[in-house]
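We will walk through it piece by piece, starting with a single helix.

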2 protein chains.
Amino acid sequence: MYWGYRTQVCTPKKECVVAIVDVSDELVKPGEIGIFKDVAKDLNLKDGDKTEIMHMDRPASISYIKRKLDGETLKPDEVQLIVKEIMEGKLSEIETSAWISAAYIRGFSDEEIIALTHATVNSGDKLELGKKGICDKHCVGGVVGNRTTMLIVPMIACTDLYIPKTSSRSITSPSGTADTFEVLTDVEIEIEEMRKIVLKAHGAIVWGGGMNLAPVDDRLIKIRHPLSLDPEGMLLASILGKKKCVGAENVIIDIPVGRGAKIPYMEKAQQLGDHFIKIGKSIGMNIEVLITDGAEPVGNGVGPALECRDVLQVLEGKGPNDLRHKSIFMTGKLLELAGKCNVGKGYDVASDLIRNGKANKKFREIVGLQGGNPNVKISDLPIGQYTYDVKTEREGQIYHIDNKMISKIARIAGAPRDDGAGVYVHRIRGDRVVKGDLLFTIYAESETKLSFAIKALEDLEPIEFRKMLLGSMS
Amino acid sequence: MYWGYRTQVCTPKKECVVAIVDVSDELVKPGEIGIFKDVAKDLNLKDGDKTEIMHMDRPASISYIKRKLDGETLKPDEVQLIVKEIMEGKLSEIETSAWISAAYIRGFSDEEIIALTHATVNSGDKLELGKKGICDKHCVGGVVGNRTTMLIVPMIACTDLYIPKTSSRSITSPSGTADTFEVLTDVEIEIEEMRKIVLKAHGAIVWGGGMNLAPVDDRLIKIRHPLSLDPEGMLLASILGKKKCVGAENVIIDIPVGRGAKIPYMEKAQQLGDHFIKIGKSIGMNIEVLITDGAEPVGNGVGPALECRDVLQVLEGKGPNDLRHKSIFMTGKLLELAGKCNVGKGYDVASDLIRNGKANKKFREIVGLQGGNPNVKISDLPIGQYTYDVKTEREGQIYHIDNKMISKIARIAGAPRDDGAGVYVHRIRGDRVVKGDLLFTIYAESETKLSFAIKALEDLEPIEFRKMLLGSMS
């Protein structure tokens, strides 16, 4: 029994978990074993309990990871075994990190991606609605604001389609859809409860991380996150696997492109889009990819409550034009994809759902079913009380509003942890301004955080003016 | 403060360690933080103590690892920062595993290897003898038996050269030099004590893992081990860094080549050898590489006590020819390399040290200085009492003795944990045998382990006879 060996630790009742051996001269006496708290908890063991330690063979998938490092393409059952052994706790973070690094450098074949998608789906629970016409949407991300989900879901749910949406919380952005919707209602909902809500209202917006849907993806993200490793194949399997788990048949994928976006070039977006469609087809999913302008924020508010305000305004027929237009456009495409209207007519059908108030009513029904106040008013929103206005110092035309810098300021001000914190952008690209015009306002829930955000402005220029000279050489 | 964030946890006295944040709704109440035991121990914290939590920037080396994954070559100071941040605990196993995977796939430039070697040396203590003529040897491994170190060290120590040898314990083999020498004496010796012994006896054999020499290497090996990732650059930096730590000027590197050895082909061995010489030169080290026959075991005994028996016999002018010849040959080369005799004369000089008993006397002096019995006799060795003889079932010529299979049997029989366990191989390649001749004997310290080893023979054919037909196709 040496350091690093895999063993099974079993109770007398033969309940077993996999554990990695550590060796200590100090913590345990000969004949004793120490057990880490998580293992003790899993097995319900107390001090003094007897356990059985059984030798475990080296997991088979280790040799597959080695072959992947060596540049080989793995067979579907090999990919599936890697996922299975990750879920069983047989592979450590070291080994999983090596697999992800190999995938990042070597890439995945289509067959590997499809196998990983199936394995992702099968790693946890599924939402079984027993209905036809299940829709979904996904945004590849990188654009601040951009709360289209909170508008597309109620619009689609007004029809006889279903949209059981699982959303994420922020990892590095000022707010995820789950964080923003949580200002209004509960998003941590069990799968059975979600099923009931969707069957009743035709839609829901739930935090995906709180359910056991595609749990292997959470484990992979934990390893991918520190180095921001997003091998395309893992991205595809993660996104499409989760859609498949809720039974989605028709899916719109939004790929924002442009300066500062996750996907900087059109060619890369097209290549990724092709890949989405191809992998989707292989798992029986009807996909339309929309490549959108991702160079600037969508909507004016950035941060949970500020974004809610934009959404509630759009539902009332007002609010930021870009957010309204993009949400209606995407809803229309989804309606066309699902065969609910003729191609070219989707935009008008979706527009009507905003205009006639049906989407607003549906949104509030969903908020109520998930445990929130269906009659919430914009004035109820907890917008941060400490504010700072940033004004222009000169006349000019706005050339670029930087997603990453706006994001950074909003995060320093407290978003997404503080619901009311964030940034409100008063201008959009192309606006002409004169000296003294308001550019954006920072909101915070504490004076200290506001002062940190103001200080950050010294190094950041989130709103850029058009310039003649872009650089000089000598 | 989110999951996965790096923070500094500090005591009121401003002693700080780096820790990674985990989030729990159950284990801690609002306003409390839980601290893992290793952190509490490092900071000497008790329940109820106040701590300060400080945000830590993302370690700079994370971006270097990302660039390495992307195929870039890092600058020397970037490699050194990675090592520094590993030592400071700023990089997690996930990130370190990604770096190693990237190094495995992308390879290291010579400049990266040299930088890593320097960083390895500077990661811990150094043995400062204050003498000229410090020698060392290293074997790349993969050959069972092969206890040349225990013979080369006393021979070199008979001259006015110094050989402060650090050796390893077995990780996957039936015994490491440290395990074998430990049958006779203590090998866990502090650096200051080692210094005294070497100044007195001109040699010592100490377990390297028990000292703080090149500690970053231990951390890297922990990550490399599960997937057996041995990127050549890390292998070179590890080996040469450790030699540099003891001040070695003249170093013999043994690269065993052949069927079943770590390095299977001559071309690969030559390439690795060139690399050793080149990197050695850049750090002021005089290296000679010997490419040796590694297809079969060297010596007859496999396992700690059985290997000791071979060594003691060679010191008395008897014992296995191959072990004696290889040890004398390598010692001769080292004497020539260090300028102690003319080229071509080293073998004779080393031979004399065995013949005249000086090496035996020196060996026993070192055993005594390290705390063992200098008058140990072969009959004192704790050879396992449970034995099983494997005999030929037919007449023929021995074509191959498989290192890996012999190793496996010896390990199943209990080596290296049980000193007396292992295998004694009675034949060498080329021997002609008749039905009933003894091939090898298995030794164990318990009947159960012996029976496991016997059972393993069902699937293993460690000794192969010459065959006419190697395969057929139809």
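In helix 10 of chain A, the buried residues are Gly233(A), Met234(A), Leu236(A), Ala237(A), Ser238(A), Ile239(A), Leu240(A), Gly241(A), Lys242(A), Lys243(A), Lys244(A) and Cys245(A). Please keep in mind that you are looking at a predicted model. Because 12 of the 14 residues of helix 10 of chain A are buried, this helix is largely enclosed by the rest of the structure.

Now let us move to a sheet in chain A. Here 3 strands make an open sheet in the order 4-7-8, and their pairing is parallel. At the edges you will find strand 4 (135-139) and strand 8 (286-293) of chain A, each of which pairs on one side only. On average, neighbouring strands of this sheet are turned by 20° against each other, direction ignored. Look at how strand 7 of chain A, residues 250-257, is joined to strand 8 of chain A: the two run parallel and 8 bridges link them.

Is Asp254(A) buried or exposed? Asp254(A) has 22 C-beta neighbours inside 10 Å, so this residue counts as buried; the cut-off for that word is 20 or more. Setting aside neighbours within four places in sequence, Asp254(A) is in contact with Lys137(A), His138(A), Cys139(A), Val140(A), Leu290(A), Thr292(A) and Met330(A). For a sense of scale, the C-alpha atoms of Asp254(A) and Ala359(A) are separated by 21 Å, and these residues are 105 places apart along the chain.

Another strand to find in chain A is strand 5, residues 163-167, where 5 of 5 residues are buried. Strand 5 of chain A runs parallel to strand 6 (residues 203-207) of chain A, and 5 bridges join them. In one of these pairings, Ser167(A) has Trp207(A) in strand 6 of chain A as its bridge partner.

Further along chain A, UniProt has an unreviewed entry that lists residues 397-464 as "domain: Pyrimidine nucleoside phosphorylase C-terminal". Over residues 397-464 of chain A, the chain is 29% helix and 29% strand, and the end C-alpha atoms lie 9 Å apart.

Next, see where the chains meet. In total, 19 residues of chain A are in contact with 19 residues of chain B. On the chain A side, the elements giving two or more residues are helix 2 (61-69) and helix 4 (93-106) of chain A. Helix 4 of chain A gives the most, with 9 residues. Sorted by class, this side has 11 nonpolar, 5 polar and 3 charged residues.

Let us cross over into chain B. Helix 4 of chain B, residues 93-106, has 14 residues and reaches 19 Å from its first C-alpha to its last, close to the 20 Å expected at 1.5 Å a residue. Helix 4 of chain B is mostly covered, with 12 of its 14 residues buried, including Trp99(B) and Tyr104(B). Gly107(B) follows helix 4 of chain B, and its phi is positive, near 80°.

Helix 5 (residues 110-121) of chain B contains Ala119(B), which counts as buried because it has 23 C-beta neighbours inside 10 Å. Not counting residues up to four places away in sequence, Ala119(B) touches Val79(B), Gln80(B), Val83(B) and Val216(B). Ala119(B) and Gly241(B) are 122 residues apart in sequence, with 8.3 Å from C-alpha to C-alpha.

Our last stop is an open sheet of 3 strands in chain B, with the order 13-11-15 and antiparallel pairing. Strand 13 (432-433) and strand 15 (463-465) of chain B stand at the edges with a single partner strand each, so one side of each is left without a neighbour in the sheet. Between strand 11 (residues 396-401) and strand 13 of chain B there are 2 bridges, and Gln397(B) has Arg432(B) as its bridge partner in strand 13 of chain B.

How values were computed. Residues are numbered from 1 along each chain as its sequence is written. Chains are lettered from A and ligands numbered from 1 in the order in which they are written. This is a predicted model: local features need pLDDT of at least 70, side-chain atom pairs count only at pLDDT 80 or more; totals for chains, interfaces and linings use all residues. Two residues are in contact if their C-beta atoms, placed from the backbone, lie within 7 Å. Helices (H or I, at least four residues) and strands (E, at least two) are DSSP runs, numbered from the N terminus. Ala, Val, Leu, Ile, Met, Phe, Trp, Tyr, Cys and Pro count as nonpolar, Asp, Glu, Lys and Arg as charged, and the others, Gly among them, as polar. UniProt positions are given in the numbering used here, feature names are shortened, and annotations may be inferred rather than shown by experiment. Two strands pair if DSSP finds at least two bridges between them. Axes are lines fitted to C-alpha atoms, for helices over the stretch in contact, and angles run from 0 to 180 degrees between N-to-C directions. The expected span of a helix is 1.5 Å times one less than its number of residues.
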